[in-house]
Amino acid sequence: MIEIVRDKLHELIEFYDWALTRADNRVADWFLMDSYLPTILLTIGYLVTVRLGMNFMKHRKPFELRITLFIYNLALVVLNLHIFYQVLTTSWKLNYSYTCQPVDYSDNPLSVNMAKALWWYYFSKLIEFLDTIFFILRKKFNQVSFLHVYHHATMFPIWWIGVKWVPGGQSFFGAMINSFIHVIMYTYYGVSALGPQYQKYLWWKKYLTILQLTQFIAGMSHSCISLINRCEFPLWMQWALILYGFSIFCLFINFYIRAYKHPKQQKKNQNATNGTVKNGVTTATTNGTELMKNNKKSN
């Protein structure tokens, strides 16, 4: 058994070394792009921190973090707006096709700028690990759902692969629409962080949820059209985008049904589980994103 595991590990390392010879040399020296190891270790560190953090905060008072959260959300609004603007304008100048766009691996300044914008998108997924940390510090444990952790723990390593091998071409579309949605989403969170008196301005949360669902459908459709057109874009990446998008869509549609289609049943179930309840907020995260709804949380 040990020999079999050792052989399989050796084969995996050989495949990784071979794959690196096919990677984009332009990004080789960029921060965190030299090796997959830092990204994997940071992702593992995130998962360990989630588990240990929840245990650590279990018997401690929650932090409020109102000002910190407002600044954090504002910073992510600015960062995602920058990513969206760079991807949109660069794709426009390069006359990108929305049905089939191969990757340009040349040193054309615009193509390099597209790769840089996608690198920032990848790096933003590392920053967004703080979403979960803030939930834990505020003892919003009900917000640290499987959907939330799954999304955060997969987007960061997946987009390392994207930037390493396909920093452009068809990859631009998902990053562009997701960063746009994140501008809206973190604006919502920023206003919410200001306190209960601002909740009256957040009546549009359901429409944000609908935008999220539309985003997933658009992303999967974009990849399907690419497959139909037999686009000169790596086949493995097209299928990866479809399968990952489908997994997130299924998880999120389940959240949407529970949150908006059967909210009374969800409330009844949570009351039965928690006993005494008070007003709180719960969040679901999808293809990079999170959505908030009014919920009940135990004392």
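Entry 1: I started with Leu 32, which sits in the loop between helix H1 (2-20) and helix H2 (37-57). Helices here are DSSP runs of H or I with at least four residues, strands are E runs of at least two, and both are numbered from the N terminus. Leu 32 has a positive phi of about 75°, although it is not a glycine. I noted that most residues other than glycine have a negative phi. Leu 32 is also buried, with a relative accessible area of 14% (buried is under 20%, exposed over 50%, partly exposed in between, with a 1.4 Å probe and protein chains only). Then I found Leu 65 in the loop between H2 and H3; its phi is positive too, at about 60°, and it is not a glycine either.

**Entry 2: what I'm looking at.** This is a predicted model, so I kept to its rules: local features need pLDDT of at least 70, side-chain atom pairs count only at pLDDT 80 or more, and totals for chains, interfaces and linings use all residues. Residues are numbered from 1 along each chain as its sequence is written, and side-chain values use heavy atoms, with hydrogens and water left out. The pLDDT, the predictor's confidence in each residue from 0 to 100, averages 85 over the chain, and 87% of the residues score at least 70. Over residues 269-299 it is below 50, yet this stretch has 111 contacts in the model beyond near neighbours in sequence (contact means heavy atoms within 4.5 Å). Where pLDDT is low, the predicted coordinates should not be read in detail.

**Entry 3: the whole chain.** Of the 299 residues, 46% are buried.

**Entry 4: H3 against H4.** How do H3 and H4 pack? Helix H3 (residues 66-93) and helix H4 (residues 109-127) pack at an angle of about 155°, with axes 9 Å apart. Axes are lines fitted to C-alpha atoms, for helices over the stretch in contact, and angles run from 0 to 180 degrees between N-to-C directions. That makes H3 roughly antiparallel to H4 (over 145 degrees; under 35 is roughly parallel, 65 to 115 roughly perpendicular, the rest oblique). Among the H3 residues that meet H4 are Tyr 72 and Leu 76.

**Entry 5: Ala 218.** Last, I checked Ala 218 in helix H8 (residues 205-228). Ala 218 is partly exposed, with a relative accessible area of 28%. Leaving aside neighbours within four places in sequence, Ala 218 touches Phe 173 and Ile 177.
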